[in-house]
Amino acid sequence: MSAQERDKLLRPGSAGFDEWFKFDDALDFLERSLHGSVPVYLSLHSPHTSVFLAAAFIPFGELTPETRDELLEWNTNVVDEGWGYGGKFHEDGSPDYSLIPPFAWERLAILQKAVPIVWRRENPLEKRRPTYYEANPEITHVHDLHWVEERSAYCTLDEIGEVREVIRMRKDSDEDRVIEITVEEDVLAKHMALGDYALVRFFDIDRYQNIEVCAADPDFDARRQIKRRSLRARLTPVPGVGGGMLRAYLRGVQLAPPPNGETKKALFDDHGNRKYVEFIAHDFKHDRIAELSCAPDQLDSYFTDTGKPFETTPAFFRREVLLKYQSDSDKYTVRDREISCRSTWSLRFDVNQAGQVHAYLIDLQHLPHAEQQYWKSFNEEPKGPISKRSFKTDFEGSWAFDPEPLRDLKGRLAKPIEVHRSDEDVHIVWVPPPDPQALDDVHYLAGESQKEWANAVGALHRVVVEGLQESVLRKLAVSLGDDAKSLDQLRSIKLLERVLSRLGLSADTVKEIIDPLATLNHLRSKTASHRSGEEARQLVRQARRDHGDLAKHFKDLVRRVDAAVNQLVIIGADAVSLTEKASEEE
């Protein structure tokens, strides 16, 4: 609204002016704002209006017609109420202290039973003693809410693992003070249902033509009582000196009862409204390939037989389905046979000999509907059976001891690799990455792009080559008889080669260890994004010629690196006997 429009509206005697002082728009706002993002605190000021609103919970059973009327006499800012302690003195002068809950000193008995939603605190640790607002831990703990500074909100994760802002705090950009706090309706309603709380919002809205009239006395005889479905208020006019109303204020309470019946049930029914997708799957119970729903009531367990497919019916997917998860390690964790999304959902999967990802319908049914639809987009008919290890572990109930290079490599790299120069002299020549997430970031390729391949090579390099301790290897090489000056220009892999040779290992064994590490190092140096060029493209073409595609090349590289690291682990354990043997030969 422009200044001219506002001045016209606020002209005494005009239709707009009289309507403005009826507060119908404010009352409508109060009723509408019980949905969506619900304001539980407002402190707004404009040239002609000030708005105050603050909310608390009150046990619903305590609200009677009499106590509802009492609430109209409120005279407090409920966000300023917090815990404290105090007490009384005995006749001998000794104190008797106890905790004092919020609202204990309130004059109204009904308000003494109130439960804060947010409270304002002052920080004495800073010179300016700034104020800030804190949500009641009763709410944040129950709904797993956590303060996120950059969002200025208490947040949680939604069902697909995205950060959801639940209690938002908006500041005035000019004064840097909180002017609005809102709570999402579903969380507010759920907490009201859990605690059998009514939401009570106390409001005071003041409107005036200009600031000079604010000192005028209110006309209590002309006060009007207002009752609507959810609120009760008093509208008090303030007449001007020459007659007419130049100011009015609306003060009251609004009550929202806790949800009940079907509304309450829907808040806690995680499965009643769930949707399920149909997947092309191998119904081995009926020996067919068919589109089958993953809904619980459409599947049979091994203990019931209603003619429906088994819960363990596998569906098959193109391996690219994993790319989304492998490329976002902040949100997803992809391990050997499981994907998890923060703390919201997880899914067992495996990869068969044909390179297809497969998962059971019973596991797919637990995914959020949007996630089920994503998997559906990669769904295809099986090109082979499920993996051998899945069959062993999931159907035969036995352990799968078959080697799996990437899984085994991560296991070996999860702890330091030592070389014992003697019984008293231990050298840790390789250490795990400082960030445990680094190991989880190494995956087989989900697609066939050069970028994914280069990223996978880089991730493997970070957890293997970068873990070699150059200074330790240099010291160890010297202790085994190498000339220190001859080592000046050597880096970690070449230093490791010197150490292994000095330990008396055969040339073939040293080659088996060093060649895969050197190959990995070379690939990384040539495919790094800031260095890639024609030589990198040649490496890609060579990898495809030798292995058919980049995914197979990377899998073979992992196998060779795992074998090299395994040899290094074995040599570290046997290094004492090796060094003793080398000393005897000398």
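Colleague: What makes Leu194 part of a helix, and which residues does Leu194 touch?

Modeller: Leu194 lies in helix H6 (residues 185-195), a helix being a DSSP run (H or I) of at least four residues, numbered from the N terminus. Leu194 touches Val142, His143 and Phe268, leaving aside residues up to four places away in sequence; contact means heavy atoms within 4.5 Å. Between Leu194 and Pro259 there are 9.6 Å, C-alpha to C-alpha, and 65 residues in sequence. This is a predicted model, in which local features need pLDDT of at least 70 and side-chain atom pairs count only at pLDDT 80 or more, while totals for chains, interfaces and linings use all residues. Residues are numbered from 1 along each chain as its sequence is written, and side-chain values use heavy atoms, with hydrogens and water left out.

Colleague: Why are H15 and H16 called roughly parallel?

Modeller: Helix H15 (residues 470-479) and helix H16 (residues 492-502) pack at about 30°. Angles under 35 degrees count as roughly parallel, and therefore H15 and H16 are described in that way. Their contact involves Glu470, Leu473, Arg474, Leu476 and Ala477 of H15 with Ser492, Leu495, Leu496 and Val499 of H16.

Colleague: What classes of residue line the largest cavity?

Modeller: Its lining has nine nonpolar, no polar and no charged residues. The residues are Leu413, Ile417, Trp430, Val464, Val465, Leu468, Leu517, Val565 and Leu568; Val, Leu, Ile and Trp are among the types that count as nonpolar.

Conventions. Axes fitted to C-alpha atoms, helices over the stretch in contact; angles between N-to-C directions. Helix = DSSP H or I, 4+ residues; strand = E, 2+ residues; numbered from the N terminus. Parallel < 35°, antiparallel > 145°, perpendicular 65-115°, else oblique. 1 Å grid on protein atoms, 1.4 Å probe; cavity = no way out; pocket = protein on both sides within 12 Å on 5 of 7 lines; lining within 4 Å.
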